[in-house]
Amino acid sequence: MIHLPFRFLSAKSSQSKSVSSETSLSNATKKTKRVNWILGLIGIGWAGLLVGCNNSTTVDILGDWNSRSELEGPARFGAASFVVGTIAYMGTGTDVSNNRLKDFWAYDASRNAWTQKADFAGVARNLGVGFAVGTNGYIGTGLDANSTRLKDFWQYNPTTNTWKAVADFGGTARQTATAFAIGTKGYVTCGFDGNYLKDMWAYDPTANAWTKVASYGGSKRVGAVSFVINNMAYVGTGNNNNSNQLDWYVYDPAQDLWTQKLNFITDQTSIARSYAVGFAINGKGYITCGDASTKDVWEYDPGADTWTTRGVFEGATRTYAVGWSINNKGYVTTGANSSSRFDDLWDFDPTVIQVIP
């Protein structure tokens, strides 16, 4: 409640104290009204100022970010990542001197600690993809140090901390594709092989074989995001022929079918983006960062097919970062902003209120 430092005068009171004639009553009443009018304006001004100050103090919104342990390896962009159990694995990418990397790291959220693992066994690269099926992770495609596009794929076994080559990717060698896993298979779609792409391939680790499946439902693109909820993959955003995309599709592997959903933020086309980060928590998906140079965070509800804004990303704006989710939290790390490379790590809790100054 706002307490104003003014008290309005009463015309009735002035009249009872000093009125002896109709003239003096009229003058007193007019004077009192003038004073009340002036004080009223001042009071309204004070009230507006106080309300304005109150509104500018804080804005509360669900979804809070916390800084976590920095990657112990070099800062980078264009890395690949996957999660096995409750451990996130990340490696490859490009450092601040534009060297391709092949170092490989594990992040344990329960200890907030990074541990270096065996180097990626393929050639150093960036802009590849990663996914996990069962107890193993997989990394493949990307660009080598000579900017040659790659199609080799490698399996990482966290138990033995070893890599082994598996069947080459079934499509053309490419960069900046997007990948996910559902059930017993991994999937890679879109990307760039000299042309924009939308074909999709499924990898079966048991058969060690790739099979072409239904192509992405939208247009060709690079730098799309994806996440999986209830055995359905949601894929969208990205860039097609220098135009950022807003369309949004869900893939059902049981039917090998893509279905269009509500576009990504249909009423705010200016923040379409590519090279963003996506992850899923408790049945909802989240997108943040990307080349729109914004820190906004958006929540997708598959049941309602809606987008809702969430807490603002608290790190620096960036592209080509990687993200994942573990135990009801999302994570974003690495990435680039112009010539800057990042090694910071942030976690996101969609249930906590973020207070924005």
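In which strand does Glu299 lie?

Modeller: Glu299 lies in strand S22. A strand here is a DSSP run of E with at least two residues, a helix is a run of H or I with at least four, and both are numbered from the N terminus. Before going on, some ground rules. The model is predicted, so to speak of local features a pLDDT of at least 70 is needed, side-chain atom pairs count only at pLDDT 80 or more, and totals for chains, interfaces and linings use all residues. Residues are numbered from 1 along each chain as its sequence is written, and side-chain values use heavy atoms, with hydrogens and water left out.

Back to Glu299. With a relative accessible area of 6%, Glu299 is buried. Buried means under 20% relative accessible area, exposed means over 50%, and partly exposed lies in between, with a 1.4 Å probe and protein chains only. The Glu299 side chain makes a polar contact of 2.8 Å with the side chain of Tyr286. Such a contact is a pair of N or O atoms within 3.5 Å; within protein, one must be able to donate a hydrogen and the other to accept it, and residues adjacent in sequence count only if both atoms are side-chain atoms.

Strand S21 (residues 284-288) pairs with strand S22 (residues 297-301) in the antiparallel sense, over four bridges. Two strands pair if DSSP finds at least two bridges between them. Ile287 has Trp298 in S22 as its bridge partner. In general, strands of a sheet pair through backbone hydrogen bonds, either parallel or antiparallel.

The sheet itself is open. Its four strands run in the order S20-S21-S22-S23, with antiparallel pairing. S20 and strand S23 (306-310) stand at the edges with a single partner strand each, so one side of each is left without a neighbour in the sheet. From one strand to the next, the twist averages 25°. Axes for such angles are lines fitted to C-alpha atoms, for helices over the stretch in contact, and angles run from 0 to 180 degrees between N-to-C directions.

Next, the loops beside this sheet. Arg273 sits in the loop between strand S19 (257-261) and strand S20 (277-281). Arg273 counts as buried, at 0% relative accessibility. A polar contact of 3.5 Å joins its side chain to that of Thr294. Phe313 is in the loop between S23 and S24. Phe313 is buried too, at 1% relative accessibility. Phe313 and Trp65 are 248 residues apart in sequence, yet 6.5 Å apart in space, C-alpha to C-alpha.

Pockets are found on a 1 Å grid over the protein atoms alone: a cavity is a set of points where a 1.4 Å probe fits but cannot get out, a pocket is an open set with protein on both sides within 12 Å along at least five of seven lines, and lining residues have an atom within 4 Å of a point. Of the 45 lining residues, the closest to the centre are Ser81, Ala179, Ser226, Gly278 and Gly323. By class, the lining has 28 nonpolar, 16 polar and one charged residues. Ala, Val, Leu, Ile, Met, Phe, Trp, Tyr, Cys and Pro count as nonpolar, Asp, Glu, Lys and Arg as charged, and the others, Gly among them, as polar.

S2 pairs with S3 in the antiparallel sense over five bridges. The two form a hairpin with two residues between them, and Gly85 in the turn has a positive phi of about 65°. Val83 stands opposite Ala88 in S3. Five of the five residues of strand S3 (residues 87-91) are buried, so S3 is largely enclosed by the rest of the structure. S6 belongs to an open antiparallel sheet of four strands, in the order S6-S7-S8-S9. Five bridges join S6 to strand S7 (residues 136-143), and the two run antiparallel. Val129 has Gly140 in S7 as its bridge partner.
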